[in-house]
Amino acid sequence: MSLNVSEPYRPRIGLTTYYQEAAWGVWTADAALLPGTYVEAVVAAGGTPVLLPPVGTDPSVVELLDGLIIAGGTDVGPEQYGAAPHALTHAQPSRDSHDLSLTRAALAAGVPLFAICRGAQILNVALGGSLIQHVPDVLPESRYQPAPGVFGNVDFTTAPGSISQALLGPRANAPCYHHQALDRVAEGLRITAAATDGTIEAVETTSGGWVLGVQFHPEQNPGDLRLFTGFIHAARTYRLTRTEGTVHVEQHV
């Protein structure tokens, strides 16, 4: 691929989706779904969205992408990390296998990875970590899911030297909506943001590359695109680096 240096390249960003019954116009049928806020945030930050439904999963698709977003959604099935199901855990096994497969493929290929809410949990589980299945069991006063369909707000601090702090500063706040959270953090990840009650709000890879998992929902705050802008910049740099590498190889064949 040749890059037009006169215009910023718009990286191709894969976004995972739901696949379930939906209604539009006079129709009700199974559909690939994703809240528009994700798509709008990617476009506003300078990317080109590519939706990846959990049907016909092909991990090699990451080779066509410049970045991958594992979006929020339903609970991660506890069988994925060796736990018995909580009464309030509701998972979609096909989506779990889809998201885990793409996450592992992106990590192996070094593709910039932005994992949001459920996505952060998928990232942790993909690398061998575990989850708290119902946060109120551990933190009865928590307000991370105030009411059905109502986002809460979380304040958190970030760790020095992290992507989180570089983009958000030492303290920040964001919309949130979750009843599960990271428990045992997988080897290869480090905690880079936490709420005052100890809830893990962000994790990043310890092995280099742009990998960020956040427990909150930055796509729900269109007035603050700092994380999306940083991610798109990383995706554009990733594509440029790959392109320059290809040119270098071709010149020496």
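Guide: Buried means under 20% relative accessible area, exposed over 50%, and partly exposed in between (1.4 Å probe, protein chains only). Of the 253 residues of the protein chain, 47% count as buried. This is a predicted model: local features need pLDDT of at least 70, side-chain atom pairs count only at pLDDT 80 or more, and totals for chains, interfaces and linings use all residues. Residues are numbered from 1 along each chain as its sequence is written, and side-chain values use heavy atoms, with hydrogens and water left out.

Visitor: What makes the radius of gyration of the protein chain agree with a compact globule?
Guide: The radius is taken over C-alpha atoms, and the globule rule is 2.2 Å times the number of residues to the power 0.38. For 253 residues a compact globule would come near 18 Å; the protein chain has 18 Å, so the two agree. The C-alpha trace spans about 60 × 50 × 35 Å along its principal axes.

Visitor: How many helices and strands does the protein chain have?
Guide: Six helices and 13 strands. Helices (H or I, at least four residues) and strands (E, at least two) are DSSP runs, numbered from the N terminus.

Visitor: Why is Gln215 called buried?
Guide: Its relative accessibility is 1%, so Gln215 counts as buried. Gln215 is in the loop between β13 and α6. Its side chain makes a polar contact with the side chain of Gln121, at 3.3 Å. The cut-off there is a pair of N or O atoms within 3.5 Å; within protein, one must be able to donate a hydrogen and the other to accept it, and residues adjacent in sequence count only if both atoms are side-chain atoms.

Visitor: Why is Thr157 called partly exposed?
Guide: Thr157 has a relative accessible area of 32%, so it is partly exposed. Thr157 sits in strand β8 (residues 152-158). Leaving out residues up to four places away in sequence, Thr157 touches Pro170, Arg171, Thr192, Ala193 and Ala194. Contact means heavy atoms within 4.5 Å.

Visitor: How do you know that Phe114 and Trp210 form an edge-to-face pair?
Guide: Rings of Phe, Tyr and Trp (its six-membered ring) pair if their centres lie within 6.5 Å; planes under 30 degrees apart count as stacked, over 60 as edge-to-face and the rest as tilted. By this rule there are six aromatic pairs. Phe114 and Trp210 are 5.9 Å centre to centre, with 85 degrees between the planes: edge-to-face. Phe114 lies in strand β6 (residues 113-116) and Trp210 in the loop between β12 (200-205) and β13 (211-214), 96 residues apart. Both Phe114 and Trp210 are buried.

Visitor: What makes the pair of Trp210 and Phe231 tilted?
Guide: Their ring centres are 5.4 Å apart and their planes are at 45 degrees, so the pair is tilted. Phe231 belongs to helix α6 (residues 226-251), 21 residues from Trp210. Phe114, Trp210, Phe228 and Phe231 form one aromatic cluster.

Visitor: Which residues have the most contacts inside the largest nonpolar core?
Guide: Ile69, Phe114 and Phe216, in a core of 35 residues. Such a core is a set of buried Ala, Val, Leu, Ile, Met, Phe, Trp, Tyr and Cys residues joined through side-chain atoms within 4.5 Å. The largest share, six residues, comes from α6. A second, separate core of 27 residues includes Leu65, Leu68, Ala126 and Leu189. In soluble globular proteins, nonpolar side chains tend to be buried together.
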